[in-house]
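Biologist: Could you take me through this structure, please? I would like to begin with the overall layout and then go into the details.

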Amino acid sequence: IIMIAGVLLISKNDANQNFSTYFLIAAIALFLFLFIALQKVSLEINDMSLVYTNIFKTQEISWKEVSKTYIKYRQHGKSGSHYWYFETWDGRKLRFRISLFSRNNLQAIADALLSKSKAANIDERIIRMAEGKFPWYVF
């Protein structure tokens, strides 16, 4: 964004000056929105459930309700991300992007899942994550 601002400030053409100003304001507003949205993403682990919160919604899944959990790669456009899915016995799903959280946080979630969701079908990668052995694509 700083580079865009610099390029727009260097331009001397009066006809494009209004466009440049509006574009700069829109770029800064988009940056601020994305920054605030990423700051609102959180995971809370407690004795009864896992609570995922983002800027739009809050989802909670009880540890006893988890029937299946796995990591899946989702392609969107030219790129993709790895998501951690939690499915319940009644078909509800919770998912979150694993790149938004540190390895320590992911290990804590995997450890809590193993200890509190005994009946769940747990992906082998998640079991290894609880032991501290992460796949190469989790930074």
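Modeller: The conversation below goes through the fold, the sheet, the core and the pocket.

Biologist: What kind of model is this, and how are its residues numbered?

Modeller: This is a predicted model, in which local features need pLDDT of at least 70 and side-chain atom pairs count only at pLDDT 80 or more, while totals for chains, interfaces and linings use all residues. Residues are numbered from 1 along each chain as its sequence is written, and side-chain values use heavy atoms, with hydrogens and water left out.

Biologist: What is the mean pLDDT of the chain?

Modeller: The mean pLDDT is 82, and 81% of the residues reach 70 or more. The term pLDDT denotes the predictor's confidence in each residue, from 0 to 100.

Biologist: Which elements have the lowest and the highest mean pLDDT?

Modeller: Helix α1 (residues 2-10) has the lowest, at 56, and strand β7 (residues 121-122) has the highest, at 93. Where pLDDT is low, the predicted coordinates should not be read in detail.

Biologist: How many helices and strands does the chain have?

Modeller: There are four helices and seven strands. Helices (H or I, at least four residues) and strands (E, at least two) are DSSP runs, numbered from the N terminus. Their order from the N terminus is α-α-β-β-β-β-β-β-α-β-α.

Biologist: Which strands make up the open sheet, and in what order?

Modeller: The open sheet has four strands in the order β6-β5-β4-β7, with mixed pairing. β6 and β7 stand at the edges with a single partner strand each, so one side of each is left without a neighbour in the sheet. Two strands pair if DSSP finds at least two bridges between them.

Biologist: In what sense do β4 and β5 pair, parallel or antiparallel?

Modeller: They pair in the antiparallel sense, over 10 bridges. In one of these strands, β5, Thr88 is the bridge partner of Val66. β4 and β5 form a hairpin with two residues between them, and Gly77 in the turn has a positive phi of about 70°.

Biologist: And how many bridges join β5 and β6?

Modeller: Five bridges join them, again in the antiparallel sense. Trp84 has Phe96 in β6 as its bridge partner. This hairpin has four residues between β5 and β6, and Gly91 in the turn has a positive phi of about 95°.

Biologist: What about β4 and β7, parallel or antiparallel?

Modeller: β4 and β7 pair in the parallel sense over two bridges. Within β7, Ile122 is the bridge partner of Thr69, and Asn121 is that of Lys68.

Biologist: Which residues have the most contacts inside the largest nonpolar core?

Modeller: That core has 24 residues, and those with the most contacts inside it are Trp84, Phe86, Phe96, Leu106 and Leu113. β2 (49-53), β4, β5 (79-88), β6, α3 (103-116) and α4 (124-130) each supply at least two residues of this core. The largest share comes from α3, with five residues. A nonpolar core is a set of buried Ala, Val, Leu, Ile, Met, Phe, Trp, Tyr and Cys residues joined through side-chain atoms within 4.5 Å.

Biologist: Is Ile126 buried or exposed?

Modeller: Ile126 counts as buried because its relative accessibility is 0%. Ile126 is found in helix α4. From Ile126 to Asp111, 15 residues apart in sequence, the C-alpha to C-alpha distance is 8.8 Å.

Biologist: Changing topic, which residues lie nearest the centre of the largest pocket?

Modeller: Val41, Tyr52, Asn54, Tyr83 and Leu100 do, out of 20 lining residues. β6 gives the most to this lining, with five residues. By class, the lining has 12 nonpolar, three polar and five charged residues. Ala, Val, Leu, Ile, Met, Phe, Trp, Tyr, Cys and Pro count as nonpolar, Asp, Glu, Lys and Arg as charged, and the others, Gly among them, as polar. A pocket is an open set of points on a 1 Å grid over the protein atoms alone, where a 1.4 Å probe fits, with protein on both sides within 12 Å along at least five of seven lines; lining residues have an atom within 4 Å of a point.

Technical notes
Buried means under 20% relative accessible area, exposed over 50%, partly exposed in between (1.4 Å probe, protein chains only).
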